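User: I want to learn how to read this structure feature by feature. Where do we start?

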Amino acid sequence: MTIDTDLEAEIQRLLAEHDRIAEQGITVQRRDHLIVLGGEVESAQRRDEICQQITTHFPDVQITCDIGITRTQAPSEVEEIS
């Protein structure tokens, strides 16, 4: 990792090219001295796998995983519109 902007590009490349991740919908943002991963995935297990792979590949970088879980099931309640 040479330059700060290269770090974000390296993380994006790993997200897209890693055989177990292959994820292009995750954002990578630098905030002060840490990297924040954002976006949404279909399960907590997938989110944890992504965060674990990134922290393993970049052990000297402080990573915050702010990836949400997309609801993949139909709503269980009817939404009342007034």
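Analyst: Start with the element names. Helices (H or I, at least four residues) and strands (E, at least two) are DSSP runs, numbered from the N terminus. This is a predicted model: local features need pLDDT of at least 70, side-chain atom pairs count only at pLDDT 80 or more, and totals for chains, interfaces and linings use all residues. Residues are numbered from 1 along each chain as its sequence is written, and side-chain values use heavy atoms, with hydrogens and water left out. As a case, Glu79 lies in the segment after β3.

User: Is Glu79 buried or exposed?

Analyst: Look at relative accessible area. Buried means under 20%, exposed over 50%, and partly exposed in between (1.4 Å probe, protein chains only). Glu79 has 66%, so it is exposed. The C-alpha atoms of Glu79 and Gln12 are separated by 38 Å. Along the chain, Glu79 and Gln12 are 67 residues apart.

User: How do I read the sheet? What is its strand order?

Analyst: Two strands pair if DSSP finds at least two bridges between them. Here the order is β1-β2-β3, in an open sheet of three strands with mixed pairing. β1 and β3 stand at the edges with a single partner strand each, so one side of each has no neighbour in the sheet. From one strand to the next, the twist averages 20°.

User: How many bridges join β1 to β2?

Analyst: Five, and the two strands run antiparallel. Val28 has Leu37 in β2 as its bridge partner. Gln29 stands opposite Val36 in β2. Arg31 is partnered by Leu34 in β2. The two strands form a hairpin, with two residues between β1 and β2. In that turn, Asp32 has a positive phi of about 55°.

User: In which sense do β2 and β3 pair?

Analyst: Parallel, over eight bridges; β2 covers residues 34-41. Leu34 stands opposite Gln62 in β3. Glu40 stands opposite Gly68 in β3. Six of the eight residues of β2 are buried, so β2 is largely enclosed by the rest of the structure.

User: And the side chains along a strand?

Analyst: In a regular strand, side chains alternate between the two faces of the sheet.

User: What handedness does the β-α-β unit have?

Analyst: Picture the strands pointing away from you. A crossover is right-handed if the path from the first strand over the helix to the second runs clockwise. The unit made by β2, α2 and β3 is right-handed.

User: How many disulfides does a search of the whole structure find?

Analyst: A disulfide is a pair of cysteine sulfur atoms within 2.5 Å. The search finds one. It joins Cys51 to Cys65, with S to S at 1.7 Å. Cys51 lies in helix α2 (residues 44-57) and Cys65 in strand β3 (residues 62-69), so the pair ties together parts that are 14 residues apart in sequence. Cys51 is buried at 12% relative accessible area. Cys65 counts as partly exposed at 31%.

User: What polar contact does the side chain of Arg46 make with Glu23?

Analyst: A polar contact is a pair of N or O atoms within 3.5 Å; within protein, one must be able to donate a hydrogen and the other to accept it, and residues adjacent in sequence count only if both atoms are side-chain atoms. The side chains of Arg46 and Glu23 are joined by one of 3.0 Å. The Arg46 side chain also reaches the backbone oxygen of Arg20 at 3.3 Å. Arg46 lies in helix α2. Its relative accessible area is 17%, so Arg46 is buried. Not counting residues up to four places away in sequence, Arg46 touches Arg20, Ile21, Ala22, Glu23 and Val41.

User: Where is His18 found?

Analyst: His18 sits in the loop between α1 (4-17) and β1 (27-31). At 15% relative accessibility, it counts as buried. Its side chain makes a polar contact with the side chain of Asp19 (3.5 Å). Leaving out residues up to four places away in sequence, His18 touches Arg13, Gln53 and His57.

Technical notes
Contact means heavy atoms within 4.5 Å. Axes are lines fitted to C-alpha atoms, for helices over the stretch in contact, and angles run from 0 to 180 degrees between N-to-C directions.
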